[in-house]
Amino acid sequence: MPAAGTGPEGGSTEALTEALLYLDGVTVTFDGFRALNALSFTVDPGEMRAVIGPNGAGKTTMMDVITGKTRPDKGDVFFNSGTTDLTKLDETEIATLGIGRKFQKPTVFESHTVLDNLRLALKGQRAALANIFRKETAFERERIDEIFETIKLTEHRGRLGGNLSHGQKQWLEIGMLLAQDPKLLLVDEPVAGMTDAETAQTAELLREINANGHSVVVVEHDMTFVRDLGVRVMCLHEGSVLAEGTLDQVSANERVIEVYLGR
Amino acid sequence: MNTTDTRPPALLGTSGLIFVGILVAAAILVPVLNLLTSPDTALHVPTYVVSLLGKYLCYALLALSVDLIWGYVGILSLGQGAFFALGGYAMGMYLMRQIGTRGVYGDPVLPDFMVFLNWKELPWFWYGFDMFPFAAVMVVLAPGALALVFGWFAFRSRVTGVYLSIITQAMTFALLLAFFRNDMGFGGNNGLTDFKDILGFNIQADGTRAALFALSALALILGYVLCRFLVRSHFGKVLIAIRDAETRVRFTGYRAENYKLVAFVASAMLAGVAGALYVPQVGIINPSEFSPANSIEIIVWVAVGGRGTLVGAALGAVLVNYAKTYFTSGILAPYWLFMLGGLFVAVTLFLPKGIIGTFYEWRDRRNPPPDEAGEPIAEPRPAE
Amino acid sequence: QETIKVGVLHSLSGTMAISETTLKDTVLFMVQEQNAKGGVLGKKLEAVVVDPASNWPLFAEKARELLAKDKVAVVFGCWTSVSRKSVLPVFKELNGLLFYPVQYEGEESERNVFYTGAAPNQQAIPAVDYLMENEGVERWVLAGTDYVYPRTTNKILEAYLKSKGVKEEDIMINYTPFGHSDWQTIVADIKKFGSAGKKTAVVSTINGDANVPFYKELGNQGIKATDIPVVAFSVGEEELAGIDTKPLVGHLAAWNYFQSVDTPENKAFIEKWRAYTKNDKRVTNDPMEATVIGFNMWVKAVEKAGTTDPDAVIDALIGVAVPNLSGGFSAMMPNHHITKPVLIGEIKDDGQFDIVEQTPGLIVAQEWSPYLEGSKDLIADWRSPMSCGNFNVKTGKCGGAGQ
Amino acid sequence: MATLFHAGRASAQDISEPLAQLTQDNYGATESALGALALSGNPAATGIVSALAGGKLVYSTSLPRHLFIQGDKGLLDPVSLEPVADPGPVKPVRVNNRVRRAIEAANGAMSLTSPDAAKRLDAAAAVLRSRDEAALPALETALAKEAEPRVKSAMTLARSAIIIGKEGVPPEMRIKAIELVGAEGNQDALAVLRSVPNDAIPEVKEAAAKEIAGIERNLAMWGVAQNVWYGLSLGSVLLLAAIGLAITFGVMGVINMAHGEMVMLGAYTTFVVQEAIRTYNPALFDVSLIIAIPLAFLFTGLIGVIIERTVIRFLYGRPLETLLATWGISLILQQAIRTIFGPTNREVGAPSWMSGNFEIGQLAITSGRLWIIVFAMLVFVALLAVLRLTRIGLEMRAVTQNRRMAASMGIRTNWVDAMTFGLGSGIAGMAGVALSQIDNVSPNLGQGYIIDSFLVVVFGGVGNLWGTLVGAMSLGIANKLLEPYAGAVLGKIALLVIVILFIQKRPRGLFALKGRSIEA
Amino acid sequence: MLEVHDINLFYGAAQALRGVSLKAEAGKVTCVLGRNGVGKTSLMRAIVGQAPVAKGSIRFEGQDITTMAPSERARRGIAFVPQGREIFPLLTVAENLQTGFAPLKRADRSIPDDVFSLFPVLDSMMRRRGGDLSGGQQQQLAIGRALTMRPKVLVLDEPTEGIQPSIIKDIGNAIRYLRSKGDMAIVLVEQYFDFAKELADHFIVMERGAVVMSGDGAALEDPDVRNRIAV
Ligand SMILES: Nc1ncnc2c1ncn2[C@@H]1O[C@H](COP(=O)(O)OP(=O)(O)OP(=O)(O)O)[C@@H](O)[C@H]1O
Ligand SMILES: Nc1ncnc2c1ncn2[C@@H]1O[C@H](COP(=O)(O)OP(=O)(O)OP(=O)(O)O)[C@@H](O)[C@H]1O
Ligand SMILES: NC(N)=O
Ligand SMILES: [Mg+2]
Ligand SMILES: [Mg+2]
């Protein structure tokens, strides 16, 4: 039951849709195992969407496909109102288009300081040669300070990324994502390993980001957190959409209870 | 609120200043003590020491070039010797052409080895090498071009880790075999030798040797400052990030392959310069410079000195080569491999981050750096 | 007490240690012998041993160290041509004295170097003559390692064979890399080349390590000396010590000395050598003899000159003659090469050579080959007033073929 | 037994002249004496010829010279074989290649009528090789009497071979002979066919040319198979050299620069075993390699364990530093061997069952190489079984993938590490036993294989044993298919370039490990 | 059964644990609570031997194991489910489970049925490589692997992280079940407060490397505890 009822059949590249992100019939198999099975959905500009689903449902794989890490066997992935075919681009190009990602397993630059981690992520010049002579601007400095405020790692800024605890790395990675200032944020399990209070803060943060016009897709198993987000929820199962709607609607779904929430 | 350091961090740290200081002093003192003191005085630096030191400095520059890509980008090139050798050959070809009619066969154009293998004319790729500027350009261009082509393919295909290491080794091995072939027109196994003069100066004159030494020191200083500048720039930070988490870098929007390529080419050019300075001081360039074992040795120098520390790489090169010079003479000569091998094992066991790396660690432990991101830390971390 | 220092510049580690270590021992042995005789000019000799580790730039460095730092009076050293080429500028610059004991490609005559090994005409050409005359060989495989010595030697041989009427298609030339170890294809090719109905022989300039797998493959593929004999210029007693020679019986080598030379001088030498090395199986070989000859010549020249001053010794050396181990006297010629007998030996099953032919007299080295275009007009004569290593007899000038 | 040569000459029995020639110790004279002896039909001839071949024919140096056979108890008269009084100093009659060939021909001619069928077969082969026209009459006589079909056809072939090259043979006869030889279809037949005299009539030449073309076509086909065989053989050598590295490097992640030295130690173990056998029990020589294999495994395995315990174990998680340490270790081991055994090559012999060669069709197969292929396969299968099917195999893989977690699972990582490194080293040692059969046993042995070994492991895909197998075989075969066209040097360069390009296509080798954990 | 007494732990110069003590008893669940970076994981690593302690002692069944190698601790019955799962990526699921056989006698080497009844997904993925599993599947595998060792002490570092709600419930039930068997002591690090609250027999709360609160399960109702963790 894909949301975009008007999905085109393959190939044409004119403006297909108003959607910011558009997936249609995406299938991914690993050695015969179908991780994604004709997955279709869209994300509108400015929308925030929560994705839930059993372990192994394909949520992370979905993000891999969107960010160019995994190539789909079949199906279309378009960005920016259908103007850009993501399956033809590599990770860097997709990132440059304005799709940022936080990984399920927090990945930060281990031998850089927390500060440098943010500096590297900060939106701006990406060309190799130009970066040799790059100078940090006052604006950039301010922006970094702002982010530090948000992620509460100010006192850790001089430490090496690799020496942070698991939860601190989660925060740092969120900070890096903020620094990138992407149009679309893909956030994979941001609150894993956070305390309940931090979880609430993260929800607040994401809402804020969303309010500032960024689209967000967030994967999480923490129902409290999903509830705090208060957005449309989509439940994946065995590589396709099982249910979609508000959290209450989705969590009332019999199948969702059966395969995911448990009784 | 000023939590971010606003001062531009100093280009050279304390150890960098000491390093450059020592080199400047050496660049002045060694030639002076060699040329202006009488051989009997205690201060006199004999000419053979000058050439020896000059050779070490070339090796140090070479080690620096390896550290740039290994220490900071995680590219373990087992073929760095190839770039060194190409630079060396470019210089060697110039020196060869300067011999003119002074070769044993007295041929004004053809080098001796071509005459006795019955070559009738100079192969096209030797054209231009009679002009120093052309040769000087080739010194950086030849290794740079090879690195560009090789790196362009390899980095785009995302060849990484040991796979990259082994194909760089295959590259230098292939070049070794190719340059061994007499048909290649580079003098085969004997290589290029018996040089007479450089830019009109007798290559064996003490003054020329002293000048070459000073030039090597200068090249090392410039190379060091350049590397230091590179790794401390935003560019350099991306390099380190690539070393630690290449995928993450791509997802952040950086073209990792371009960064690697720039670093790789720069490193190859540095190696080429090192090779070019090395050849006139050593007096021979031959294909054994391409041998994979040579390239591995360069890695070993860097590891001994301390990977990812630049100064350490240079220091490692000088120390290991001094050890080699020292151990291969005298009563120890038959056992020098035990000494050198033992040294390598001991360094890994007792100075796991290399000499300089361990020193830095000790210094930081005694005197922890401020919790501030002033001093960038390219702390060598294991690649995994 | 003041000593005269003698430099020893042979690789004791790396790929060449296999060949060169023996020569280091030989020099040490000669030094001990000489000291037992009272030294030279009333002074003891003192050997200074360094290890250039089969590394060519290191050869240059060590040569410089010996001459400039240790101030040695003479250096015995080098095996490969490239090592010699690498140290040459050093010896010229510092006016040192180098004795080079290995057969080589020729095309060189330097004031500071004395060549006691064979030039091509003292080894390669007599070997080919032997095969042509005695075995009726008409078809030739010139197999070598791809470097200068085999290349040059084969160039000379090719020209020589053609001058003897051998046709182009009856010569097969094959080069392999250093240390080549898989000889299956090449040996099979040789076999094929040899089955054209004409008597075929292989002239091998295969170097060093590559010989053992080559001979093992010959044995394995059943190529016997009676079918296709192989004559080698780089395989001596030392190399054979590492091979099971039973399948190789009858293959040949050409040298200026074999351990099996049946003379009293040789017997005495082997006996003393074995006593010195405390090894009653230790073999001797040609480069050793060349080292011995060189050493004795140097001693004689120093005594003649009354000083170790290089200039004096260089002048004194020309004309010096010392007994070689095959019963004659070898003399240092004005071209800084020595006169040598040429011996052809067949491999026996005990790893020794059965000498099947010996040139009646001594052969004078042609340092410049008459078979090569670039050098056919050159001669070397280091006596004054000519004092030239590359005198062109056509132009009457020193300095090669230059216009 | 009198082997008679029925030449029917009056002076057949008189051999005093050849005997006198033999005392001249001149190769030419010896050769012609041999010819005369072979034709003489004198019963003593065989004995004299075989004494000459065995170096037992001596002559007295004092004039006038006399010829003797060196018996076990003293000198014998060559004809009567009676002991003789001491003639003073004697010297053996010397033999060179030319004489050896003459001996073979003489032996061939003389044993064509031997009652032993195998001897007759050898004799026919010897005649075929020498194509000595003088042997023709004897051959025809023998042929007339021959009953054994195999020997008969060999003799017919030999006869044809002689006829083809002989002057003044009627053309029909020659053409028949050409066809007969042509049917053999091998390299030797080619040689015979090419010996058709230049002045033969065009029909004869045409017939020969036709046969030659046919054989060449045939041989070209076999040639491809032959190259593939060479490739497999080279591949198995590469496999042996690399397979230990597939453990220490592929599984453990140690950039083991001392791997080659482990191979070398295995080769020296073989040398020591053979020395011991030569000294204490030469009868065991043929099983020396069988004895050496387990010993090499244990010895190098032990060295591996010692290295692991004293050095490597401090370096886990720092793979690049293993490069530095093992490089150092390799220098030490090389020099240690140089100090103990000297810098020169050591002789390792081949047991009889590994010597020689045989043919399948036109495919020449050397036994030594065949055994090496078999051995490589056995080692491969055994190793695969250990890693896949045994508990220690599982623990090895677990430890190398996550040492810390493996320890927390109760796996004694120290022990497993030592065993894994020991296993890899031990296998390298076994490879050394095999390589001692085809290469130098010298301190440099290992250096010659280290680059190829890494290339194979990486080309095949690190961490995948099948990759190592396929990698080794494909590199071996590619090398041998390239070599005939490009030559050994350019062929090798081409191969390296191909590998470099191939890695661009498959950046993780032939059998790349795939999956999330790798890509992350 | 397990007693941690007054331990200090350092990473280089940085101190991660300051005089931490903890007790775990058979048939009881001991919860460790605290915000990010307070040292929970460090404490677990000290218990299983992955990080050396600078001061203090760890006793297990009356024996001092402070300096014992991790593998020996495991062999004595301490199993660990680490934060971040640490699956052997290239081993199959089956092989990952089999690594837990190391402490067992040959005859006992089988995977307990409990594992598959708790985590049925593992049964269907036995031949897949551990590294290819989804995050949650890996977490299940890590618990299953630990249970294969038939441990006496089970140390779980945030086992619910990344797990779907129904399985969190299952894990909760599993822990309860294991507790009910009465022979296993369970040490549980958890940030998911409600989950912890339901299971804890004892708990400690950590802050900046030190224990700032402890008590038995009932005390978790105290709002003070929640506050400590929240701020
Ligand atoms: N490279 C791969 N090879 C084989 N199987 C894979 C691979 N990548 C993913 N899978 C399988 O695909 C399925 C989907 O995995 P994915 O990581 O997308 O799940 P998920 O929804 O993110 O789960 P979780 O909530 O546990 O993180 C899983 O069953 C996983 O085992
Ligand atoms: N390897 C390390 N090197 C240096 N410091 C470290 C290391 N590991 C952890 N730390 C630091 O030690 C402190 C305690 O870390 P620990 O991982 O024990 O925290 P935690 O309570 O488990 O946190 P989380 O809930 O985020 O997992 C943190 O400040 C962390 O940054
Ligand atoms: N001179 C030689 N044999 O290299
Ligand atoms: Mg996931
Ligand atoms: Mg933790």
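Reader: Is the crossing of helix 2 of chain C and helix 3 of chain C left-handed or right-handed?
Author: In this predicted model, the crossing of helix 2 of chain C and helix 3 of chain C is right-handed.

Reader: What makes helix 2 of chain C and helix 3 of chain C count as roughly parallel or oblique?
Author: Take the angle: the axes of helix 2 (residues 56–69) and helix 3 (residues 81–93) of chain C cross at roughly 30° and come within 8 Å. Angles under 35 degrees count as roughly parallel, so helix 2 of chain C is roughly parallel to helix 3 of chain C.

Reader: Which residues make the contact?
Author: From helix 2 of chain C come Trp56(C), Phe59(C), Ala60(C), Ala63(C), Arg64(C) and Leu67(C). Helix 3 of chain C brings several, including Val82(C), Ser86(C), Val90(C) and Phe91(C). The contact residues divide into nine nonpolar, two polar and two charged.

Reader: Now to ligand 2: what makes the site shared between chains?
Author: Residues from chains A and E surround ligand 2, so the site is shared between them. In number, 20 residues surround ligand 2, and among the closest are Asn163(A) and Ser42(E).

Reader: How do you know that Thr41(E) makes a polar contact with ligand 2?
Author: A polar side-chain atom of Thr41(E) lies 2.6 Å from an oxygen atom of ligand 2, and the cut-off for a pair of N or O atoms is within 3.5 Å. For chain A, a polar side-chain atom of Gln168(A) lies 3.0 Å from an oxygen atom of ligand 2, while Gly167(A) has a backbone N or O atom 2.6 Å from a ligand 2 oxygen atom.

Technical notes:
Residues numbered from 1 in each chain as written. Chains lettered and ligands numbered in written order. Predicted model: local features only at pLDDT ≥ 70, side-chain atom pairs only at ≥ 80, totals over all residues. Heavy atoms only, no water. Axes fitted to C-alpha atoms, helices over the stretch in contact; angles between N-to-C directions. Helix = DSSP H or I, 4+ residues; strand = E, 2+ residues; numbered from the N terminus. Parallel < 35°, antiparallel > 145°, perpendicular 65-115°, else oblique. Left-handed = near helix turned anticlockwise from the far one by under 90°. Contact = heavy atoms within 4.5 Å. Nonpolar A, V, L, I, M, F, W, Y, C, P; charged D, E, K, R; others polar. Near = heavy atom within 4 Å. Polar contact = N/O pair within 3.5 Å; in protein donor to acceptor, adjacent residues only side chain to side chain.
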